[in-house]
Amino acid sequence: MASTTGIPPLSHSPIARVIGTVLGGVFAVGQRLRHPRPIHPRGVVLRGELRWIPDAESAGVTFIDNAPRNPVPVVARVSRSLGLPPPLPDIIGLAVRFETRTWSEVVPGRSDRAAVTSDIEFASTGWGVPGRFALLPHRRAERARFGILLPYRGERGAVLLGARTRSGRPGATDPRELGTADDTPWELTLGHATPFGPWHPFAVVALRLDPDQDDRGLRFDAVRHPVPGARTYAWTRAVRQPSYVRVQGDDPAARMPGEGPRPESARAPDDARRAAGAASPVD
């Protein structure tokens, strides 16, 4: 069963829907010029695990408050938004995916596979107020502060997620750097905050280069793949989802932590030609 797009009715958020429609059109043009990803065109695949900090401040979100006993495997992608080559500064993106079976979450109207998938989409932002609501370019990912810009809706109101480097650095932020990349682990501390409140650390994610750099199954969508216990505001969905639907189409098959690329029979024709050497393996 295909999942819904997440776009609310026009009557719920008319102004946000107009903004979202305009952005969707811009992304549609961008996709024609840079297929299949108009932004974050090249990415480096990472793998690792997410572990929770004991006695962390609660947030009113199941994902944060109900800490699992064991580390949770993750697959991630770090990328440069405009695709500018290092060492030029760019908006750094970090998208993280994990399975939600630990929290026994079932999302109505979702396929079994989609219902156990959660995505968090970070971008390099400021850390304080108002900087946490602005995208900021950086030359190196480990020097950036990451935020989600648009808040989740928790039991007690709006919740933002953030991440900052604890130690190490990613082996690369662009596949063109992989020839000289090392396997240095990159650890980040995750935190939560209200839109204008202080940050509270709650977990640490440790990431390394994934031997499998095929990122075709890594198309992230934090609205259609929410973290356990979090909802999204209608105006948030209205602003962001038209762009995602234009670029990604229906909810794409998701690569999960520990999985390899899709089998040959599941690839689209352009993917199959690329795998056969008819095109560059890096989009």
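Helices and strands are taken here as DSSP runs, with helices of at least four residues and strands of at least two, numbered from the N terminus. On that basis, Asp55 is placed in the loop between β1 (43-52) and α2 (62-65). The model in which these elements are assigned is a predicted one. In total, the chain contains 5 helices and 10 strands.

Of the 283 residues in the chain, 50% are buried. The accessible surface of the chain comes to about 13,500 Å², and 56% of this area is supplied by carbon and sulfur atoms. Among contacts between residues at least 6 apart in sequence, 69% join residues at least 24 apart.

Two or more lining residues come from each of α1 (14-33), β2, β3 (92-99), β4 (117-125) and α4 (234-248). Helix α4 gives the largest share, with 7 residues. By residue class, the lining of the largest pocket divides into 23 nonpolar, 9 polar and 5 charged residues.

Ser79 belongs to strand β2 (residues 72-80). Because its relative accessibility is 3%, Ser79 counts as buried. Beyond its neighbours within four places in sequence, Ser79 is in contact with His40, Arg42, Gly43, Ile91, Ile92, Gly93 and Thr173.

Asp215 is located in the loop between β9 (200-209) and β10 (231-232). With a relative accessible area of 12%, and therefore under the 20% limit, Asp215 is buried. Asp215 and Arg255 are separated by 40 residues in sequence, and their C-alpha atoms are 8.3 Å apart in space.

A further buried aspartate, Asp119, lies in strand β4, and its relative accessible area is 0%. The side chain of Asp119 takes part in a polar contact with the side chain of Arg97 at 2.7 Å. A polar atom of the Asp119 side chain also lies 3.0 Å from the backbone nitrogen of Asp221. Both Arg97 and Asp221 are included in the set of residues that Asp119 touches, not counting residues up to four places away in sequence. The set also contains Val96, Tyr152, Arg219, Phe220, Ala222, His225 and Val227.

Backbone geometry was considered next. Most residues other than glycine have a negative phi, and most peptide bonds are trans. Leu149 is situated in the loop between β5 and β6 (152-154). Its relative accessible area is 24%, so Leu149 is classed as partly exposed. Asp55 likewise has a positive phi, near 55 degrees. The relative accessibility of Asp55 is 81%, and this residue therefore counts as exposed.

Cis peptide bonds are found at two prolines. The bond from Pro86 to Pro87 is cis, with omega near 10 degrees, and Pro87 is placed in the loop between β2 and β3. Val129 and Pro130 are likewise joined by a cis peptide bond, for which omega is about 10 degrees. Pro130 lies in the loop between β4 and β5 (145-147).

Key
Residues numbered from 1 in each chain as written. Predicted model: local features only at pLDDT ≥ 70, side-chain atom pairs only at ≥ 80, totals over all residues. Heavy atoms only, no water. Buried < 20%, exposed > 50% of the residue type's maximum accessible area, 1.4 Å probe, protein only. Contact = heavy atoms within 4.5 Å. Areas by Shrake-Rupley, 256 points an atom, 1.4 Å probe, with all protein chains shown as cover. Nonpolar A, V, L, I, M, F, W, Y, C, P; charged D, E, K, R; others polar. Polar contact = N/O pair within 3.5 Å; in protein donor to acceptor, adjacent residues only side chain to side chain.
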